[in-house]
Amino acid sequence: MGPQILKRFYSCTIESILTGCIIAWYGNCKALQRVVRTAQYTGAKLPAIPKMDHTVHDPGAPTIAPLSHRIKWSRVTKERVSVILVAMDGEVKVEEDYLDRVHMVGYPQTPTNASIKITELRSNDTGTYRCEVQHGIEDNHGTVDVLVQGIVFHYRAITTRYTLTFEKAKAACIQNSAVIATPEQLQAAYDDGFHQCDAGWLSDQTVRYPIHDPRENCYGDKDEFPGVRTYGVRDVNETYDVYCFAEKMTGSVFYSGSVAKFTYSEAEEQCSKQGALLATTGQLYLAWQAGLDVCNAGWLGDRSVRYPINVRRPQCGGGLLGVRTVYLHVNQTGYPLPESRYDAYCYTGMVVPTEAGSGMLSVATVTQGPPEVFFRKMTTESEALGEDLATQKPTSVDFTFGTELPLPQPPSVTELPQPPSVTDLPLPQPPSVVFHYRAGSSRYAFTFVEAQLACQSVGASIATPEQLQAAYEAGYHQCDAGWLLDQTVRYPIVSPLEKCSGDLETLPGVRSYGLRPADEHYNVYCYVDRLRGDVFHAGSSEGFTYDGALAHCQELNATLASTGQLYAAWRQGLDKCRAGWLIDRSVRYPITNPRAACGAGKAGVYSVYTHNNQTGYPDMYSRYDSCCFHFISTSKKNIHTSLNNPPTHLPTH
């Protein structure tokens, strides 16, 4: 057979095989290799492979790009799975419910970045979020649990509607374990379904209220349209209600009932017997948000009577969900008389450090506006009502500074008195006292919010700069940086030491680091105004473990005292040269009559630490005496605020 015929035959054969083997071009097509070898054996000269490609180039034809990742985010609940967004080929489709609230962080610049950011959080955003990524036939997925913390609630004074000036409104929220809400928080609550026909102060000094179903007397500036009504910025001396924001609590609220019910004073005593306090309104709202459902009205710390409903039933709040309030008058004003009988809602809790790696993302429903710092002086009236002095929200401030502060260091071991170590305090001058408090685990462990909760957990409130200054002027010396109510960090130095010089160097005075970011960690200075009961020492020749001390106090119709109660008792003259357990698992003892064998000749409340650097509480099985607290019911002084007739332009029921 002639060479030309063989050449044409093998060329046609190769082109035919190429059609089926083009994907495996580089040495993977065995059929093509056999044909080429045979042609070479016969001596036929074949054309170069590129010359055998008769494909016509089409510039408009699409190119085959590598397979892209398909990213899908969903929210998973018990009832259903809701798609949030789908991303593929550089395009993102967001579902209508999440438009303008959900954004992909790095996509499509980084096609493999599946991170999303959710803004304008609502309480119903709490849940499990699932991310699915597909690439060709490969797929993978992961989940993250999101807990949106915080609740906005309406609050009015004990007397009648619209009686709170701007300053009184802020104080009312603080006394109920909350802070005054921001406009963004009220808007988020409205978006979540909140409806309230009552004009209330917000943190920017505006007055607003949220309306979903407009009706006469609730139209405001939006007439018949739903939305948050506003009266703009108002004079601070005008009087309205207030909208408060409670973020979180570390303890728990529980219901305590009785067939005979309780007067207000009896309700206080009932909670005290169980090592608790009457809950605040903010704490009850947080408990309701967490699922508390009780169809029985109970006393709270502000002398209001309320009950939380999470399950609709006609006999409980008229089939409505929420925290229901019992009023004295039909126009929803006035709290029940103290002699009235209801059950009680109690609050107990300690500061519990967050566990790293828990898998739960905790988010606060806060859209931070311009930084504001609120100052508030303590009032004997608020203490007289037994109200919890509550969490001041951290201020968001931009800072430029180094990564570490020159924190005051504790004196060296050679400078310390022999254990147990001491907090030097001025001699007692009743009735109030400022004291330093640190976590049991280590020094400088509290964020700003945790510091406030720590003071609350030991029966006190976070101190103000004025209170710390007054304590310093009375002789208070403490070489430990601690949070104060205005979000500054300070410490009082009477006798400057090398590691305690601070910003005043060798001069005595209260050192200050100024306003600090709320997520930095320090100790805290707490303030207790007075002691509403008796602290007494209970001893044993063998001593008690922590649980044994708690049980022994309960046998004596008491509970373990808090650190704040022990400081208040010391301030009133309590002197005992034997260390005892307290409710926060610390071990301390009060010395008002200094002697060499007790406190190295210095007055103060002494603490027993595990380590030489004054950190670590004794383990629960160590044996010490107990410091017990017995609640004494006292008559409460009512707070009367001036009554103003509601302005005609305000919403009315």
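**Close-up 1. Strands that cover helix 8 in the predicted model.** The buried residues of helix 8 are covered by elements that include strand 22 (433–437), strand 23 (461–462), strand 24 (482–483) and strand 27 (523–528). Helix 8 itself spans residues 448–457 and is mostly covered, with 8 of its 10 residues buried. The buried residues are Phe448, Val449, Ala451, Gln452, Leu453, Ala454, Cys455 and Gln456. Just after helix 8, Gly459 has a positive phi of about 75°.

**Close-up 2. The aromatic pair of Tyr209 and Tyr231.** The count of aromatic pairs in the model comes to 19. In the pair of Tyr209 and Tyr231, the ring centres are 6.0 Å apart and the planes stand at 45°, so the pair is tilted. The pair links distant parts of the chain: Tyr209 belongs to strand 11 (residues 206–211) and Tyr231 to strand 12 (residues 227–233), 22 residues apart. Tyr209 counts as buried because its relative accessibility is 1%, under the 20% limit. Tyr231 also counts as buried, at 17% relative accessibility.

**Close-up 3. The stacked pair of Tyr589 and Tyr606.** The rings of Tyr589 and Tyr606 are 5.4 Å apart, centre to centre, with 15° between the planes. Tyr589 lies in strand 31 (residues 587–591) and Tyr606 in strand 32 (residues 604–607), so the pair ties together parts that are 17 residues apart in sequence. Tyr589 is buried, with a relative accessible area of 6%. Tyr606 is buried at 1% relative accessibility.

**Close-up 4. A ring cluster, and a charge over a ring.** Tyr162, Phe166, Trp201 and Tyr240 are linked into a cluster by ring pairs. Elsewhere, the charged end of Arg585 sits over the ring of Tyr546, 5.4 Å from the ring centre.

**Close-up 5. The largest nonpolar core.** This core has 62 residues, and those with the most contacts inside it are Val152, Trp201, Val242, Tyr243 and Tyr345. Strand 13 (residues 241–246) gives the largest share, 5 residues. The core lies between domain 2 (151–246) and domain 3 (252–348), because both domains give residues to it. Leaving aside residues up to four places away in sequence, Val152 touches Ala181, Gln185, Leu186, Ala189, Phe194, Tyr243, Cys244 and Phe245. Another core, of 52 residues, lies apart from the largest one and has Phe446, Ala471, Trp483 and Val605 among its members.

Definitions and conventions:
Residues numbered from 1 in each chain as written. Predicted model: local features only at pLDDT ≥ 70, side-chain atom pairs only at ≥ 80, totals over all residues. Heavy atoms only, no water. Buried < 20%, exposed > 50% of the residue type's maximum accessible area, 1.4 Å probe, protein only. Helix = DSSP H or I, 4+ residues; strand = E, 2+ residues; numbered from the N terminus. Contact = heavy atoms within 4.5 Å. Phe/Tyr/Trp six-rings, centres within 6.5 Å; stacked < 30°, edge-to-face > 60°. Lys NZ or Arg CZ within 6 Å of the ring centre and 35° of its normal. Core = buried A, V, L, I, M, F, W, Y, C linked by side-chain atoms within 4.5 Å. Domains from an automatic or database assignment.
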